[in-house]
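I open my notebook and go through the structure one item at a time. I write down what I looked up and what I found.

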Number of protein chains: 2
Amino acid sequence: MSKALPKRSENYSEWYNELVKRADLAENSAVRGCMVIKPYGYSIWEKMQRALDDMFKETGHSNAYFPLFIPKSYLSKEASHVEGFAKECAVVTHYRLKNDPDGKGVIVDPDAKLEEELIVRPTSETVIWSSYKNWIQSYRDLPLLINQWANVVRWEMRTRLFLRTAEFLWQEGHTAHATSAEAVAETKQMLEVYATFAQEWMALPVVKGVKTANERFAGAEDTYCIEALMQDGKALQAGTSHFLGQNFANAFDVKFQSKEGKLEYVWGTSWGVSTRLMGALIMAHSDDNGLVLPPKLAPIQVVIVPIYKNEEQLAAISEVVAPIAKELKKRGISVKFDDNDAFKPGYKFAEYELKGVPVRLALGARDLENNTVEVARRDTKTKETVSLQGIESYISDLLDNIQETIYNKALAFREENTTSVDSYEEFKELLDGKGGFILAHWDGTPESEEKIKEETKATIRCIPLDQKEESGTCIYSGKPSKGRVVFARAY
Amino acid sequence: MSKALPKRSENYSEWYNELVKRADLAENSAVRGCMVIKPYGYSIWEKMQRALDDMFKETGHSNAYFPLFIPKSYLSKEASHVEGFAKECAVVTHYRLKNDPDGKGVIVDPDAKLEEELIVRPTSETVIWSSYKNWIQSYRDLPLLINQWANVVRWEMRTRLFLRTAEFLWQEGHTAHATSAEAVAETKQMLEVYATFAQEWMALPVVKGVKTANERFAGAEDTYCIEALMQDGKALQAGTSHFLGQNFANAFDVKFQSKEGKLEYVWGTSWGVSTRLMGALIMAHSDDNGLVLPPKLAPIQVVIVPIYKNEEQLAAISEVVAPIAKELKKRGISVKFDDNDAFKPGYKFAEYELKGVPVRLALGARDLENNTVEVARRDTKTKETVSLQGIESYISDLLDNIQETIYNKALAFREENTTSVDSYEEFKELLDGKGGFILAHWDGTPESEEKIKEETKATIRCIPLDQKEESGTCIYSGKPSKGRVVFARAY
């Protein structure tokens with residue numbers, strides 16, 4: 001709290017890193033590329049988990065747990081999957097250590113070498129479909145709607161807290177269906193679940209779309225995604241939902257007997273969101289004073305700070321606060337009364353601002369006399385003096401209002417930063433200027449897409465689901481195009 | 001459902017294995033020693049997690065997340081810890097695969113060898129205390145009360161579903177304190193939390209005690225435990241809580257400035273329960289017909305099976321059932337109405353018996369006429385016909401009664417199978433007979449303890465916290481003893 005945060009306008013990247021650390025969300029560990037998620041950060045993640053898990057269950061899914069380790073040979077069974085994941089994985093080769101004969105610590109026991117190496121899961125399609133082979137015989141066993149909350153590891157050379165770490169936490173849904181249509185419907189349903197979660201809980205507007213072939217998940221027929229815009233004008237992929245076709249059923253020989261008695265390959269989907277959402281949440285809303293949390297995901301929604309000169313005043317304030325805190329808790333609102341004597345109110349104000357607590361109440365002797373309280377909201381940084389009469393309803397409404405205001409602000413920002421562009425020159429200028437989502441025509445070829453990426457570092461974030469039919473010409477090749485896609489530089 | 005379960009009296013071990021698989025709790029995976037926890041089994045684990053997590057939070061703990069990987073050198077920092085854990089761990093040595101030049105699949109890339117090998121965490125004291133070093137400076141930073149839900153890996157040669165698997169799920173609490181007394185109090189508090197959970201949720205009576213030096217956690221000053229008795233007369237350690245003294249603070253140089261301004265080493269605790277509890281739950285209560293679940297942990301508490309001859313009857317039954325199911329759900333009771341036409345009632349009855357659903361309602365045409373329902377309870381396998389009038393309260397009370405009855409049955413079993421013994425002959429006879437908890441005098445030496453273990457495979461489960469002072473002589477050495485300890489053969 002001693003030093004101010006770096007300013008977003010001066011060094012967005014440094015602002016993000018410092019904010020994550022100072023707000024006690026996460027830190028780098030001594031283990032290369034692995035983060036420690038600290039209690040305050042983890043409590044936000046827990047709220048995300050709970051909301052998502054409820055939505056998964058409402059749509060008929062059950063949780064299960066599959067092994068951390070994947071036999072090396074499994075990865076190779078699906079040709080494009082191995083291309084995508086073999087290059088960045090942690091490999092277990094031994095199962096024992098022994099004392100170093102030199103007497104210094106322990107060494108790997110060469111006699112304990114595994115016959116087949118194990119990969120720490122980068123994603124679980126292979127190990128799960130190898131189980132599904134035994135679980136699915138008939139159409140009666142379908143659909144199989146399973147989700148897993150787990151840690152996964154993808155070896156990354158350049159890591160950033162929450163956004164890109166070697167180990168991260170996520171959920172991965174893996175479903176199996178009797179028909180292609182049903183699997184596609186599931187893929188789209190889960191995309192909707194993610195979009196609803198982003199918008200209603202994270203206050204984060206997202207564009208729903210489908211990835212180009214280049215950007216598809218390794219092993220999928222189609223990858224749907226939600227894309228969000230961060231305050232620095234870069235995009236962030238916030239969730240993906242994959243239609244796997246029969247690829248993994250083929251690779252692991254998963255067949256079922258249809259109603260008609262025919263033996264057919266099963267159709268699959270997989271979908272996931274990860275602790276990366278924490279990065280999106282932070283970067284979408286926070287400001288130079290610290291975190292701005294949407295109330296629905298804030299671990300502490302209301303903090304009450306007493307302003308007092310002596311024990312007597314504190315006692316009087318506490319007496320007024322107690323029933324208010326109790327009533328707020330009864331309404332499901334999380335409240336903290338911070339009567340810690342070690343810190344001054346000003347210090348506390350800055351601390352809760354940094355931590356993004358949506359509403360702060362301050363009560364002093366004058367307030368007691370007037371039967372009022374000072375209410376400060378974190379998002380707009382406005383303050384007002386409010387009567388204690390009916391304060392619980394006032395706060396409850398205020399939290400709803402803050403949730404909505406944060407969403408609307410993010411939506412307005414995205415709209416201001418979404419630009420239709422018709423020439424490559426304009427496209428490049430915009431990228432080096434304010435950035436944002438750029439709607440432009442593309443000829444549909446991987447070649448143009450790759451050239452644009454090479455030359456500008458911008459990628460096609462998605463072909464939006466609500467794409468309008470509009471004939472135009474590709475900004476790169478000049479070839480005809482039937483509609484605009486969303487370009488951006490991205491995290 | 002085609003074949004009956006093996007009988008407990010004939011082959012307890014086979015009964016357990018078959019039950020776990022047939023009730024869809026878990027199965028072995030293709031990855032050696034790793035299990036797949038299936039949706040039905042996982043939903044029981046989720047209920048355990050939720051109840052425990054609430055209790056941890058009520059006692060002031062927060063969740064966090066620490067890395068999966070531990071640098072090899074960390075393990076060596078605490079001398080007895082490395083002895084305990086280095087021998088059975090998964091070692092990551094490389095971070096990349098590459099295409100096999102032979103064109104067959106992928107191989108480990110020899111150029112991607114890690115400078116220092118990483119261990120997949122068998123437990124997280126080392127990696128957590130290396131973080132605590134940065135988190136703790138002053139007495140103001142203490143106590144630090146953190147828990148983690150995670151997967152851990154201990155390489156096991158002989159594995160059994162839930163009871164002993166290479167990878168398992170658990171929670172591990174890791175706390176730091178300013179004084180020894182406070183850390184001891186925390187250790188005991190968490191033991192009480194575990195005992196309460198076992199008794200009130202799992203309906204499992206437990207003996208609370210402290211381990212002998214031989215059986216202590218590697219790196220602890222004292223290990224407290226709860227011990228439960230299974231139906232085959234063997235003990236199962238259901239949870240442990242360790243007082244770590246200053247051992248890990250010493251190893252990782254974690255000091256704090258006391259109120260008096262002195263620099264002191266921090267005192268620590270750690271405590272954990274795992275998916276092993278699933279094994280305890282199954283083995284403590286279930287019978288030759290399948291699972292018996294205490295209602296508080298049953299994923300489905302009430303199943304309603306309609307008995308009908310035609311669509312019209314089914315419609316009439318459904319109409320009567322709907323408001324009952326709704327009212328039960330309103331009371332927080334989970335209900336399943338199984339109108340699946342593909343199976344006959346008899347098949348369904350057996351299936352829900354196998355899965356341990358505590359209460360089964362069956363409704364037929366006759367019941368509709370009489371305004372009654374057949375209520376069967378899984379624990380006692382008794383049935384009665386009950387009026388539909390007030391059925392919701394009846395069921396709610398019945399569930400409470402079942403929870404209590406299951407606990408009392410397990411308690412009575414344990415009491416019948418707890419025997420005081422005064423000679424080694426008697427001790428050995430009892431072990432080869434009915435087994436159970438054996439209360440016997442021990443001279444307090446590791447030598448006698450080891451000899452007894454060698455000769456009989458019985459271990460000292462604990463020195464019970466409520467041990468009575470009673471002078472006697474050690475059953476093995478004949479040397480004087482001040483009180484009885486609990487011996488048993490154990491899982």
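The model I am looking at is predicted.

**Entry 1: the length of helix 12 in chain B**

I started with helix 12 of chain B, residues 391-416. I wanted to know whether its length fits its residue count. At 1.5 Å a residue, its 26 residues should span 38 Å. I looked up the end C-alpha atoms and found them 36 Å apart, which agrees.

**Entry 2: what is buried in helix 12**

Which residues of helix 12 of chain B are buried? My list reads B:Ile395, B:Leu398, B:Leu399, B:Ile402, B:Gln403, B:Ile406, B:Tyr407 and B:Ala410. I noted a general point beside it: an α-helix has 3.6 residues a turn, so residues three or four places apart point the same way.

**Entry 3: helix 9 against helix 12, chain B**

Two packed helices are described by the angle between their axes and the distance between the axes. I looked up both values. Helix 9 and helix 12 of chain B pack at about 45 degrees, and their axes are 10 Å apart. That angle makes helix 9 of chain B oblique to helix 12 of chain B. The crossing of helix 9 of chain B past helix 12 of chain B is right-handed.

Which residues meet here? From helix 9 of chain B come B:Ile324, B:Glu327 and B:Leu328. From helix 12 of chain B come B:Ile391, B:Glu392 and B:Ile395. I sorted this contact by class: 4 residues are nonpolar, none is polar and 2 are charged. B:Ile395 was already on my list of buried residues.

**Entry 4: the pair in chain A**

I turned to chain A. Helix 9 (residues 311-330) and helix 12 (residues 391-416) of chain A pack at an angle of about 45 degrees, with 10 Å between their axes. These two helices of chain A are therefore oblique to each other. Helix 9 of chain A passes helix 12 of chain A in a right-handed crossing. On the helix 9 side of chain A, the contact uses A:Ile324, A:Glu327 and A:Leu328. On the helix 12 side of chain A, it uses A:Ile391, A:Glu392 and A:Ile395. By class, I wrote down 4 nonpolar, no polar and 2 charged residues for this contact of helix 9 with helix 12 in chain A.

**Entry 5: helix 2 of chain B**

Helix 2 of chain B covers residues 39-58, which is 20 residues. It reaches 28 Å from its first C-alpha to its last, close to the 28 Å expected at 1.5 Å a residue. Its buried residues are B:Gly41, B:Tyr42, B:Ser43, B:Ile44, B:Trp45, B:Met48, B:Leu52 and B:Phe56.

I checked B:Asp24. It is not a glycine, yet its phi is positive, about 60 degrees. B:Asp24 sits in the loop between helix 1 (12-22) and strand 1 (26-28) of chain B. Is B:Asp24 buried, exposed or partly exposed? It is partly exposed, with 16 other C-beta atoms within 10 Å.

B:Lys457 also went into this entry. Its phi is near 65 degrees, a positive value in a residue other than glycine. B:Lys457 lies in the loop between helix 14 (446-456) and strand 24 (459-464) of chain B. With 11 C-beta neighbours inside 10 Å, B:Lys457 counts as exposed.

**Entry 6: cis peptide bonds**

In chain A, a cis peptide bond joins A:Leu142 and A:Pro143, with omega about -5 degrees. A:Pro143 is in the loop between helix 5 (125-135) and strand 9 (144-153) of chain A. In chain B, a cis peptide bond joins B:Leu142 and B:Pro143, and omega is about -5 degrees. B:Pro143 is in the loop between helix 5 (125-135) and strand 9 (144-153) of chain B.

**Entry 7: two distances in chain A**

A:Asp232 lies in the loop between strand 12 (222-229) and strand 13 (235-245) of chain A. It is partly exposed, with 17 other C-beta atoms within 10 Å. A:Ser9 is 223 residues from A:Asp232 along the chain, and their C-alpha atoms are separated by 8.5 Å.

A:Thr196 is in helix 6 (residues 180-200) of chain A. With 14 C-beta neighbours inside 10 Å, A:Thr196 counts as partly exposed.

Conventions:
Residues numbered from 1 in each chain as written. Chains lettered and ligands numbered in written order. Predicted model: local features only at pLDDT ≥ 70, side-chain atom pairs only at ≥ 80, totals over all residues. Axes fitted to C-alpha atoms, helices over the stretch in contact; angles between N-to-C directions. Helix = DSSP H or I, 4+ residues; strand = E, 2+ residues; numbered from the N terminus. Parallel < 35°, antiparallel > 145°, perpendicular 65-115°, else oblique. Left-handed = near helix turned anticlockwise from the far one by under 90°. Contact = placed C-beta atoms within 7 Å. Nonpolar A, V, L, I, M, F, W, Y, C, P; charged D, E, K, R; others polar. Expected span 1.5 Å × (residues − 1). Buried ≥ 20, exposed ≤ 12 C-beta atoms within 10 Å, placed from the backbone.
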